Amino acid sequence: MNSMTDTVAATPLRNDAAAKMTAREVSVFYGAKKAVDSVSIDISQDNVTAFIGPSGCGKSTFLRTLNRMNDTIANARVEGQIVLDGEDIYAPAMDVVQLRARVGMVFQKPNPFPKSIYENVAYGPRIHGLADGRAQMDEIVERSLKRAGLWEEVKDRLQDSGTALSGGQQQRLCIARAIAVDPEVILMDEPCSALDPIATARIEELIHELRGRYAIVIVTHNMQQAARVSQRTAFFHLGSLVEYGETSEIFTNPRVERTKDYITGRYG
Amino acid sequence: MPTTGHTIKAFDQDLDRLRASIAEMGGLAEAAIAGAMRALIDRDVNAANAVIENDARLDALEAEVERQAVQVIALRAPMANDLREVVAALKIAGVVERMGDYAKNIAKRVHAIEPGADLQPLSLLPEMARITGDMVRMVLEAFIRRDPEQATQVSERDRAVDDFYNSIFRTLLTFMMERPQSITAATHLLFVAKNLERIGDHATNVAEMVYFAATGTHLAEREKGGDPARG
C-alpha cells in the first residue's frame, strides 16, 4: 500500500494536553534480555487506552511499569522515565504502596482475598486510612460496589466469601477493590480472558461507565474487545510500540504495515 | 496489494469468492452494454430481448454478493483494508446492478424505434459505448487487483464520456430541428446516450470506492463534466 511503511510511525498522540501519565523512552530488561524497547507514550485521562499485540510483544510488561509491578520481579530492570501528574514514579522519594493505590490494577484471573465480599473492598481503604469509622467504611464499600456494578447482586450477602461468587462477579469485585482506594488510573491486564461472553460484556460495559472518572489502560488479546472498549489503541510488537492512535483509525486504516497485518489476521 | 495471506486461509478464500462474484457481475454488465448497443445498431429485437432477460442474472448476483459480504462480516470480523474491501464490494455490487439496468433500458428502446427510422446520428454512439464498457471492465479489474492507479485512470476517462454525451446531445438536437419526423427516434437515441453517460458516472463512483478500499484515503474530488441539459 502506497503510504504504508514498516518503520515505527510517529505517535501523533504523544503530546496530549490531557495526558495523565507519560512514558518516555522506557525500556525493560529481564536480566540481559530487553523485553520493552524505548517506548514513549501518553496515557490520556479521559479515554480508555488499549494495548494490543501478539504474545511476548511486551504489552503486559510495559503495563506493569506504570505502577512499578515489575519491582517485584527479581531480575527486572526499568530504564527511562514515567511521569504521573508531573511526578516521576521511579524517583527514590516515591512511595510505591501509595503509587499502587493511585494506579490500581486488575489482573487476568480474578483474585479476591479468601475473605468476605465486604472485607475484600474494605481492605485497601483500611490500610490506607481512608475511612474514619464504620459508617464511612460502609459508605466506601457500597459506593465501590455500585461503581463496579456489583452492589445489586451482593448487597444482601456482604459477609459471604468473595471466592463464592461467579468468575464475572469476582472480577467485578476486584474492580470494586481497586476503585475503593480512589485511584486515578486503573490498569487492567486481560481482565476478561477467564470470563464467558456475558460476564465479559458486563465488564466492558463497566469499563465504559468508569471512563472519564479514571484513566483506564487495558491489555487485551481480543482485538474486538480493544475495538469495543477503547478510544486509543497502541500496537506493540517485539517490545516496541509500533503504532498508537485513535482506535477508530487503527482498526479501519492503520498506517503501519505491521499493525495492518496483525489486526487483519495476517501476522506470523 | 496483499502482503501475505491470512493466518486463517478460509478467510482468504471467502474474500476471493467475493471478488470473483464482483468480477462476474462486471463481465455481465460489460456484455449487456455491448449487447444492447449491438442490438440497437442491428435493430435486432431478439438480441435486445436476450439482453433484457440476462439482467435477471445481475440481480441474482447482487443478492449473492450481499449474502457473501454479510457472511464475511459476521463470521470473519474483517478489519482495516479487509473491512474496507468488503464494504466496497457491497456498494459496488449495487452500482453494477444499476449499470445493468441502464443497459437493459437501452435494449428496450430497440423495440421502440421504428424499423425505417433514419438514425444517422447513431454513428457516435458505438464509440461512446465502447469507452463506457472499457471503463466498467477496467474499474472492476482495478477492484480485483486492488489497484488504485488504475482506478484513478478510470475516473479520468469519464471526461471523454461526458464530451461524447455533449457532442451527441448537440448533434441530435440539430437533427431533430431539421427533421421533425425523426423526433421520436432521436429522443430514444438521446436517452441511450444519457444512459451511457450515467454508466460512465457510475464507473467513476466505483473507481472512488476502489481507491478508498485500496488506500484508505479518498480520491481527490474531480471536476464534474457539465450536462448541457442542466445548462
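Me: What are the helix and strand percentages over residues 126–210 of chain B, and how far apart are the end C-alpha atoms?

Reply: The span is 93% helix and 0% strand, with the end C-alpha atoms 27 Å apart. Helices are DSSP runs of H or I of at least four residues, strands runs of E of at least two, both numbered from the N terminus. This is a predicted model, in which local features need pLDDT of at least 70 and side-chain atom pairs count only at pLDDT 80 or more, while totals for chains, interfaces and linings use all residues. Residues are numbered from 1 along each chain as its sequence is written, and chains are lettered from A and ligands numbered from 1 in the order in which they are written.

Me: Which annotation covers residues 126–210 of chain B?

Reply: An unreviewed UniProt entry annotates residues 22–110 and 126–210 of chain B as "domain: PhoU". Such annotations may be inferred rather than shown by experiment. Residues 22–110 of chain B are 94% helix and 0% strand, and their end C-alpha atoms lie 28 Å apart.

Me: Why is α4(B) called roughly antiparallel to α5(B)?

Reply: The axes of α4 (residues 125–145) and α5 (residues 148–178) of chain B cross at roughly 165° and come within 9 Å. Angles over 145 degrees count as roughly antiparallel, so α4(B) is roughly antiparallel to α5(B). The axes are lines fitted to C-alpha atoms over the stretch in contact, and angles run from 0 to 180 degrees between N-to-C directions. The contact residues include Met128(B) and Ile131(B) of α4(B) and Val154(B) and Phe164(B) of α5(B). They divide into 13 nonpolar, 3 polar and 3 charged. Nonpolar means Ala, Val, Leu, Ile, Met, Phe, Trp, Tyr, Cys and Pro, charged means Asp, Glu, Lys and Arg, and polar means the others, Gly among them.

Me: What makes α1(B) roughly antiparallel to α4(B)?

Reply: Helix α1 (residues 9–42) of chain B packs against α4(B) at about 175°, with the axes 9 Å apart. That angle therefore makes α1(B) roughly antiparallel to α4(B). By class, the contact has 14 nonpolar, 3 polar and 3 charged residues.

Me: How are α2(B) and α3(B) oriented to each other?

Reply: Helices α2 (residues 45–76) and α3 (residues 80–112) of chain B pack at about 170°, with axes 9 Å apart. They are therefore roughly antiparallel.

Me: How many residues of chain A are in contact with chain B?

Reply: 17 residues of chain A are in contact with 17 residues of chain B, where contact means C-beta atoms, placed from the backbone, within 7 Å. On the side of chain A that touches chain B, α10(A) gives the most, with 4 residues.

Technical notes: Angles under 35 degrees count as roughly parallel, over 145 as roughly antiparallel, 65 to 115 as roughly perpendicular and the rest as oblique. Two residues are in contact if their C-beta atoms, placed from the backbone, lie within 7 Å.
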